[in-house]
Amino acid sequence: RRWVPFCKKHNVEPRAPEFYFNEKIDYLKDKVHPSFVKERRAMKREYEEFKVRINALVAKAQKKPEEGWVMQDGTPWPGNNTRDHPGMIQVYLGSAGALDVDGKELPRLVYVSREKRPGYQHHKKAGAENALVRVSAVLTNAPFILNLDCDHYINNSKAMREAMCFLMDPQFGKKLCYVQFPQRFDGIDRHDRYANRNVVFFDINMLGLDGLQGPVYVGTGCVFNRQALYGYDPPVSEKRPKMTCDCWPSWCCCCCGGSRKKSKKKGEKKGLLGGLLYGKKKKMMGKNYVKKGSAPVFDLEEIEEGLEGYEELEKSTLMSQKNFEKRFGQSPVFIASTLMENGGLPEGTNSTSLIKEAIHVISCGYEEKTEWGKEIGWIYGSVTEDILTGFKMHCRGWKSVYCVPKRPAFKGSAPINLSDRLHQVLRWALGSVEIFLSRHCPLWYGYGGKLKWLERLAYINTIVYPFTSIPLLAYCTIPAVCLLTGKFIIPTLSNLTSVWFLALFLSIIATGVLELRWSGVSIQDWWRNEQFWVIGGVSAHLFAVFQGLLKVLAGVDTNFTVTAKAADDTEFGELYLFKWTTLLIPPTTLIILNMVGVVAGVSDAINNGYGSWGPLFGKLFFAFWVILHLYPFLKGLMGRQNRTPTIVVLWSILLASIFSLVWVRIDPFLPKQTGPVLKQCGVEC
């Protein structure tokens, strides 16, 4: 009530007080109001007092009584068991009395806790967002929805207006399913060792997709058109009328004139029906459904009344309204809201009845035998429900837009240490494998729809990339094998093959340079992305492939444990936090293997003399190229610079040395003689 007027008066950014007061910038810049310093000091003091009160509540809540919490009337609080409780809704700021200190209306703030019962599948994040869609439709029914992760905050208060510029555009706004913003993060070290910013994806790939059917949905920082979440098809553009000429004789176009007149009468009859009950029809999943105009609909059975006197075609069209219950669930109020394209609540509603209806739509059994999670709302079936949801929308013909304001719209937190970052990548890759093995795979799904071919290729890329870990693992192993066996990684090539190889290599380099020049991404960010692509490919992506195959084909769900070690309590201290996990084994093995190969190759060259150094340089190049890509991983194992390496690195060096000495002892790389054994003949030879 005090923070919002303060922000509006002094144009404060960001609007999150925790991050605003912690910013290490000159907060007096561009501030001209004489009372700003005094009001800011008072606002900061009040916010800190507010934080203390919240922390006291949290500390009290952590000391849960054995008999559970009790409400003011003496009854047990229904939320004592977090996995078995009824649906709960608390309206903090409602329609009445939600005013700030200046007397202006504040946005509504409603807390929703959906019903949880044992034996029901709740679908995690996707199920929670579907429940929020239904509750918001019943209580407020705004036409647009902002989706943010819980660790994100609004960094640019004007970003919503930029999204509305697209969604409310009279030309193509009705065809947009969502406006996606790039993800930006706080608390990442300056060098971005593990490519947490994902600059190449957000500043190159997503911008490229914006020129096709639109960017993919990334799960946060997205403004949705509510109608697109309901499984409707986008409106079809009306074709321009054909040009006619009045200079021809009337007998030349009598047939055409007759047909136009007939079609006009037909349209008038259809308009009469629409004026009585509904404004227009809308397509949902390839079928026609009646779209509501202005009159509210509460009881679908009342539609059957008044059907007498209409033809069977109109009657069957209206009776198809009953199909909405099979798709959206048994809630007439919610179904009525889905038919109101411009949002708003039906007339004659009261807050008490709406709260009861909102409790009903978040019950455990509401989604049973409906299309929720299949064709409507966030789609179930993968841990990366965002890719599936956006893919289904694009298959119906919707378009999306990528909006990149100069000041980042939203900011969040990213896993800064190596183990957490690998587990995040593992989760994304596992979701892609699940989609690849499902009926929603872009390789074979939705060919009868309106998905463009280049957009389909982009979605195929998002679900097949984990499988590149298998050849990538082979490519990272081959240099060490070549050094240990004395063979070269590249066989002898003909002149024509060499030209093709060189042309392919140069085209890849040219493409990368053009992308960097076009997007403005720095070489350092591009190189960090290349490095972590190798690190994630030989660890998280590889595990995701096998874990996904076990989960989908055999029903075995495996989890990888993360063991944390203490970190320094300094800035970026978590960057040096070491957490042992099985995901670290493959990259560590590759580093040891290539280091052993380098030592063995150099030992071979020393034993064989000057002539063997030439072929060795080519082998060493590929081995060092692999080690260079895995260098951030090695730094993550070593910890802070100028410190004693961790036990993992010490063991790696020890094992590499022992293995190299054993290899040299077994096979000293002496030349093998195939001819007769010649004895030394002394001076007379």
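Student: Why is D149 called partly exposed?

Tutor: In this predicted model, D149 has a relative accessible area of 25%, and since buried means under 20% and exposed over 50%, with partly exposed in between (1.4 Å probe, protein chains only), D149 counts as partly exposed. Local features need pLDDT of at least 70 and side-chain atom pairs 80 or more, while totals for chains, interfaces and linings use all residues. Residues are numbered from 1 along each chain as its sequence is written, and side-chain values use heavy atoms, leaving out hydrogens and water.

Student: What makes K125 partly exposed?

Tutor: K125 has 30% relative accessibility, so the label partly exposed applies to K125 as well.

Student: Which residues does D149 contact, leaving aside neighbours within four places in sequence?

Tutor: Contact means heavy atoms within 4.5 Å, and by that rule D149 is in contact with K125, G219 and T220.

Student: What joins the side chains of D149 and K125?

Tutor: They are joined by a polar contact of 3.0 Å, a term for a pair of N or O atoms within 3.5 Å, where within protein one must be able to donate a hydrogen and the other to accept it, and residues adjacent in sequence count only if both atoms are side-chain atoms.

Student: Which residues does UniProt list for "binding site"?

Tutor: The unreviewed UniProt entry lists K125 and D149; they span 25 residues in sequence, yet no two of their C-alpha atoms are more than 9.9 Å apart, so they gather at one spot. UniProt positions follow the numbering used here, feature names are shortened, and annotations may be inferred rather than shown by experiment.
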